[in-house]
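Trainee: I would like to learn how to read the features of a structure that is new to me. Could you take me through them slowly?

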Amino acid sequence: PVCSMGNSTSRLYSALAKTLSSSAVSQHQDCLEQPDSARLDPIDPKDLLEECQIVLQKRPPRFQRDFVDLKKNAVSNHRPIRVMQWNILAQALGEGKDNFVQCPMEALKWEERKCLILEEILAYKPDILCLQEVDHYFDTFEPLLSRLGYQCTFFPKPWSPCLDVEQNNGPDGCALFFLKDRFELINSANIRLTAMKLKTNQVAIAQTLKCNETGRLFCIAVTHLKARTGWERFRSAQGCDLLQNLKNITQGAKIPLIVCGDFNAEPTEEVYREFSNSSLNLNSAYKLLSPDGQSEPPYTTWKIRPSGECRHTLDYIWYSQHALNVNSALGLLTEEQIGPNRLPSFNYPSDHLSLVCDFSFNQDPDRLL
């Protein structure tokens with residue numbers, strides 16, 4: 001049962017305390033599908049948001065971001081599907097390896113940073129949530145999001161860099177969450193990406209879902225490609241492998257597709273061109289925010305490391321443009337909002353911005369290409 005709020009105990013922490021004392025936390029490596037969440041009572045999202053705001057009361061308020069309407073007079077007879085893409089910054093990397101020289105360590109404290117992450121998720125209420133760099137899946141995201149009505153899947157990296165950090169919380173990986181009252185899981189694939197025929201340390205999850213309202217099938221995938229300059233060809237090979245897997249899963253684009261990810265690649269890279277020119281007929285949703293609909297945002301990540309300032313566009317939501325319409329997209333933070341010390345900060349929990357889009361099915365399901 002949900003505990004009543006006392007001065008020193010909160011519903012949020014009582015919920016977390018239960019999960020931390022369970023054996024689930026130690027089952028890191030191969031824990032992919034969630035355990036039966038029926039054992040835990042549902043949480044009202046408003047209660048959880050209130051708990052987060054109490055924890056965050058000494059921090060500056062959330063930034064205001066507005067949705068941009070992109071409908072172009074398209075008529076839809078079903079509720080849009082809201083998809084959120086976000087590299088949330090692994091806690092072990094934020095504190096131990098990433099060297100955000102302008103970010104005070106105090107701003108990275110997990111007890112508060114997790115509430116900033118949850119607050120962002122609760123504010124936008126995604127139907128489907130795709131996350132990268134998740135290293136607190138078992139003690140935070142799975143127990144809480146399953147109680148909010150999500151089905152949860154996690155696929156850790158085989159050799160996560162988080163494990164090199166003292167007092168880590170296990171490996172990081174990709175996580176995919178969808179609301180069980182909106183979708184039915186038809187098929188789920190955990191993909192370890194290959195490059196030059198070698199298995200790599202990067203992974204993807206691809207799930208075929210049935211929309212309960214329309215009966216339509218679609219595939220949602222989440223991935224995180226290899227980081228760093230000098231690995232462009234490697235990323236290109238990983239992208240080719242992912243596309244081949246997705247072609248098989250979607251029966252060559254018969255099933256509509258949405259791919260969320262931190263590709264660690266600017267739009268000038270080969271892997272971006274592979275996705276743009278794929279036979280799956282994909283478009284990048286955030287291009288639609290530009291005046292001509294052809295340009296990616298100027299940045300999706302902005303940080304300062306010892307080597308200098310890094311401002312890049314690396315995160316994307318790709319979609320089947322023949323089968324899906326983008327109704328709206330969440331605007332990005334402005335430079336003024338981000339501030340001179342860049343990200344992460346007391347205001348914002350990650351070095352990557354969240355991307356959120358509302359999709360609707362094309363009204364002509366037989367028109368494939």
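Mentor: Let us start with F141, which touches I88, W110, I117, L118, I121, V134, H136, S146 and F177, where contact means heavy atoms within 4.5 Å and residues up to four places away in sequence are not counted. Please keep in mind that this is a predicted model, in which local features need pLDDT of at least 70 and side-chain atom pairs count only at pLDDT 80 or more, while totals for chains, interfaces and linings use all residues. Residues are numbered from 1 along each chain as its sequence is written, and side-chain values use heavy atoms, with hydrogens and water left out.

Trainee: Which residues of the largest nonpolar core touch the most other members?

Mentor: A nonpolar core is a set of buried Ala, Val, Leu, Ile, Met, Phe, Trp, Tyr and Cys residues joined through side-chain atoms within 4.5 Å, and buried means under 20% relative accessible area, with exposed over 50% and partly exposed in between, using a 1.4 Å probe and protein chains only. Here the largest core has 71 residues, and I128, F141, F177, I220 and F359 are the ones that touch the most other members. Helix α4 gives the most to this core, with eight residues. A second, separate core has 25 residues, among them A253, V259, V271 and Y272.

Trainee: Where is E119 found, and is E119 buried or exposed?

Mentor: Helices (H or I, at least four residues) and strands (E, at least two) are DSSP runs, numbered from the N terminus. E119 lies in helix α4, residues 110-124, and E119 counts as buried because its relative accessibility is 8%. Leaving out residues up to four places away in sequence, E119 touches L49, C52, Q53, L56 and R62. E119 and P45 are 74 residues apart in sequence, yet their C-alpha atoms are 9.9 Å apart in space.

Trainee: How many residues of strand β13 are buried, and which strands pair with β13?

Mentor: Six of the six residues of β13 (residues 315-320) are buried, so this strand is largely enclosed by the rest of the structure. D315, I317 and Y319 point one way from β13, whereas Y316, W318 and S320 point the other way. Two strands pair if DSSP finds at least two bridges between them. Strand β9 (residues 257-262) pairs with β13 in the antiparallel sense over five bridges, with V259 having W318 as its bridge partner. Strand β10 (residues 282-284) also runs antiparallel to β13, joined by three bridges, and there N283 has Y319 as its partner.

Trainee: In which sense do β2 and β3 pair, parallel or antiparallel?

Mentor: Strand β2 and strand β3 (residues 128-134) pair in the parallel sense over five bridges, and N87 stands opposite Q132 in β3. Five bridges also join β2 to strand β15 (residues 355-361), and these two run antiparallel, with V83 opposite C357. Strand β2 (residues 81-87) is mostly covered, as seven of its seven residues are buried.
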